[in-house]
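Reader: Please show the model first. I will then ask about its salt bridges, its surface and its strands.

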Amino acid sequence: MSLFGKKPSTPAPAPATKPAPLRESAHLIGAGMVIYGTLSAPGKLVIEGSVNGPIMGEASSEIVVAAGGMVEGPISAGSVRVIGTVEGPIRAQFVTIEDGGVVEGDIDASTLRTADGARVRGIVR
């Protein structure tokens, strides 16, 4: 017991883990959001809303156009995954178009994977 009969307090436990740096976490453009202009996308960007303008990623960037997501403009990144709709060219190392994904524009990729139900209208290089 300590002074005045109070029990000594125990120190607060240290946090188990540090939060991940923002650069390593996914950035989200949520459903219902509309962005106009050029986006610079370091790391991972998930688009559930709409983007009207170019998306410029780094060689290590991953851009995901989710179901219901829409991009009107060119996309450049290390990896692009389309489940929603892209109206514009895509330039990436890896491009995946999932079932229900639509690309209306040219695709320039080292690796292109398309699922049954994916639609592409453009030139693939």
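Reader: At what relative accessibility does Arg125 stand, and is Arg125 buried or exposed?

Author: This is a predicted model, in which local features need pLDDT of at least 70 and side-chain atom pairs count only at pLDDT 80 or more, while totals for chains, interfaces and linings use all residues. Residues are numbered from 1 along each chain as its sequence is written, and side-chain values use heavy atoms, with hydrogens and water left out. Buried means under 20% relative accessible area, exposed over 50%, and partly exposed in between, with a 1.4 Å probe and protein chains only. At 53% relative accessibility, Arg125 counts as exposed.

Reader: Which residue does Arg125 meet in a salt bridge?

Author: A salt bridge here is a side-chain nitrogen of Lys or Arg within 4 Å of a carboxyl oxygen of Asp or Glu. For Arg125 the N to O distance is 3.8 Å, and the partner is Asp106.

Reader: How many residues apart in sequence are the parts that Asp106 and Arg125 tie together?

Author: Strands are DSSP runs of E with at least two residues, and helices are runs of H or I with at least four, numbered from the N terminus. Asp106 lies in the loop between strand 12 and strand 13, and Arg125 in the segment after strand 14 (119–121), so the parts tied together are 19 residues apart.

Reader: Which residue forms a salt bridge with Arg91?

Author: The closest N and O atoms of this pair are 3.3 Å apart, and the partner of Arg91 is Asp108. The pair links distant parts of the chain, 17 residues apart, with Asp108 in strand 13 (residues 107–114) and Arg91 in strand 11.

Reader: How many salt bridges does the count come to?

Author: The pairs include Glu98 with Arg81 and Asp108 with Arg91. Under the rule above, the count comes to three.

Reader: What accessible area do Leu112, Val120 and Val124 have together?

Author: Patches are made of residues with over 30% relative accessible area and no salt bridge, like charges being joined within 9 Å and nonpolar side chains (Val, Leu, Ile, Met, Phe, Trp, Tyr) within 5 Å. Accessible areas come from the Shrake-Rupley method with a 1.4 Å probe, and for residues only the protein chains shown count as cover. Leu112, in strand 13, is partly exposed at 32%. With Val120 and Val124, Leu112 forms a nonpolar surface patch of about 210 Å².

Reader: What is the strand order of the open sheet of six strands?

Author: Two strands pair if DSSP finds at least two bridges between them. Strand 10 (residues 85–87) and strand 12 run parallel and are joined by three bridges, with Glu87 opposite Glu104. The open sheet has parallel pairing and the order 2-5-8-10-12-14.

Reader: Why is one side of strand 2 and of strand 14 left without a neighbour in the sheet?

Author: Strands of a sheet pair through backbone hydrogen bonds, either parallel or antiparallel. Strand 2 (34–36) and strand 14 each have a single partner strand, so one side of each lacks a neighbour, and both stand at the edges.

Reader: How many helices and strands does the protein have?

Author: From the N terminus on, the elements run β-β-β-β-β-β-β-β-β-β-β-β-β-β. The secondary structure comes to zero helices and 14 strands.
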